[in-house]
Amino acid sequence: MQTQPVALTEAGMAFCMGCIFLVPLAAAGLALVNAGFGRGRSAAHSMLSALCVFAVAVLTYLLVGFSIQGFPGGPAHLLVFGGRSWNLLGSAGLLMRGTVFNNPTLSLMACLQLFSVGIAAIIPLGAGSDRWRLRASCASTALLAGITYPVLAHWVWGGGWLAQLGSLAGCGNGAIDAGGAGVIHAVGGLTALSIAWILGPRQGKYEDMGLAIPGHNMPFVLFGCLLTLIGWMGLDSASAMLFSGAPLGSVPLIAVNNLAAASVALLTASVVTQLRYGKPDASIAANGFVIGLVAISAACSLVSPAIAAAIGLVAGLAVPFSVEWLDRFGCDDPSGSISVHAVGGLWGVLAAGLFVHPRPGQWLAQAAMISALLGFVLPLSYGLNWLLDRIYPQRIGLNGELQGLDMSELGAGAYPELAQASRDYLSR
Amino acid sequence: MKVAGFFLLCAGFAIVLCTFLLLSTTAPRAAFVLAGIAMQALGFLLVFRAHYTLGEER
């Protein structure tokens with residue numbers, strides 16, 4: 001990745017701005033997916049939570065996140081070891097003070113990051129569906145946007161030590177993550193895993209023989225997938241141009257790669273569920289579509305469409321087994337956020353090491369990034385949320401969960417004209 | 001078990017970090033990076049197992 005800001009042409013800057021304006025559609029799509037996979041009695045709460053955590057993430061990032069993340073070539077805390085200066089953390093001013101926005105590339109980076117951190121914040125909501133308090137999710141998001149996300153984003157996108165592995169350690173071009181498979185999605189997915197562990201499963205999920213609690217609105221989920229596709233193409237294009245120096249001419253390739261990976265992953269997940277259950281599973285197929293987008297993000301501008309399809313194929317194969325495996329180990333993830341974003345993100349980062357080989361040693365840089373995600377992001381995220389849970393219990397009480405988060409936290413349901421369904425559960 | 005799992009996750013990362021700081025040749029570097037990630041995989045499984053056991057006790 002870049003250790004100095006990229007120089008964009010005027011046309012590139014205008015196009016990049018247009019791409020950034022598409023990114024909120026990815027957030028809207030993910031919010032719809034989360035709401036659709038949850039119960040009807042928590043649907044309004046789910047959508048409101050998405051808006052609230054987006055707002056909290058943006059404000060926290062403005063306040064402290066940008067200061068920690070910094071930007072390539074910006075002020076930073078360095079560790080000098082063996083004659084080499086390793087860039088550890090950004091040291092820009094709080095509230096973006098001292099950052100002069102006379103460099104259009106820098107302005108675009110800051111703008112894109114506000115949306116990116118919002119997307120990362122929405123991901124854990126899927127794992128906490130139907131039982132995560134609104135205020136707790138906002139507090140947890142502040143920790144994500146203020147600490148966890150900016151540190152890893154600095155290491156990869158801010159010219160940090162993972163980006164420097166190319167120039168200082170001879171590992172390819174340093175850690176590659178053009179579209180944020182690791183920085184956005186794996187961080188969000190691993191935070192979702194922490195949240196699922198801390199909250200525990202929904203009431204009734206693992207009692208008796210084990211129950212499948214179906215999502216209340218599959219059209220929401222499937223429409224959300226289509227929205228994410230549009231947002232993703234904007235996100236991948238803008239971040240590839242800004243953080244990995246992709247030329248404007250590579251944008252059509254990014255769009256084709258996104259489509260190829262998502263399509264192959266969707267069809268693969270559908271075929272796998274057809275073979276295993278006798279019919280294609282709409283929820284897992286939808287997750288297949290999104291995991292394809294997540295997995296291709298890291299190398300979106302750097303591989304051919306055939307390689308993108310191969311990356312999507314593996315991602316589509318992984319998602320049904322990952323969902324089942326998590327379920328078997330008592331990790332209740334209603335939206336499949338962990339399988340889609342953590343597994344897909346980690347696979348995307350690894351795939352970039354396997355399929356992008358500008359210089360030898362690229363896979364070592366990608367392995368270092370995976371190690372940072374598992375050994376830094378996951379423990380930090382778990383530790384922070386565990387502490388938060390001790391101070392302010394994150395899970396709603398038993399009565400509140402049975403009543404639904406809409407009524408217990410908001411005082412009104414999403415569908416007041418419809419009678420409450422008497423049976424939310426289906427025997428597996 | 002949970003604490004041990006998280007310890008292994010962090011320790012594996014420390015090994016990978018030190019590898020890039022201390023080693024300069026590719027072969028030993030690759031060996032230590034793989035060893036660090038293997039340690040993290042073990043830690044990850046331990047943390048999973050710990051939460052599964054906690055869930056069963058509930």
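pLDDT is the predictor's confidence in each residue, running from 0 to 100. This is a predicted model, where local features need pLDDT of at least 70, side-chain atom pairs count only at pLDDT 80 or more, and totals for chains, interfaces and linings use all residues. Residues are numbered from 1 along each chain as its sequence is written, and chains are lettered from A in the order in which they are written.

**View 1. How confident is the predictor about chain A and chain B?** Chain A has a mean pLDDT of 90, with 94% of its residues at 70 or more. Chain B also averages 90, and 91% of its residues score at least 70. Helices (H or I, at least four residues) and strands (E, at least two) are DSSP runs, numbered from the N terminus. For the model, ipTM is 0.95 and pTM is 0.93.

**View 2. Here chain B meets chain A**. On chain B, 21 residues are in contact (C-beta atoms, placed from the backbone, within 7 Å) with 23 residues of chain A. Helix α2(B) gives the most to chain B's side, with 12 residues. That side has 13 nonpolar residues (Ala, Val, Leu, Ile, Met, Phe, Trp, Tyr, Cys and Pro), two charged (Asp, Glu, Lys and Arg) and six polar (the others, Gly among them).

**View 3. A close-up of A:Ala368**. Leaving out residues up to four places away in sequence, A:Ala368 touches A:Leu162, A:Leu165 and A:Ala175, plus B:Val16, B:Phe20 and B:Val33.

Notes
Contact = placed C-beta atoms within 7 Å.
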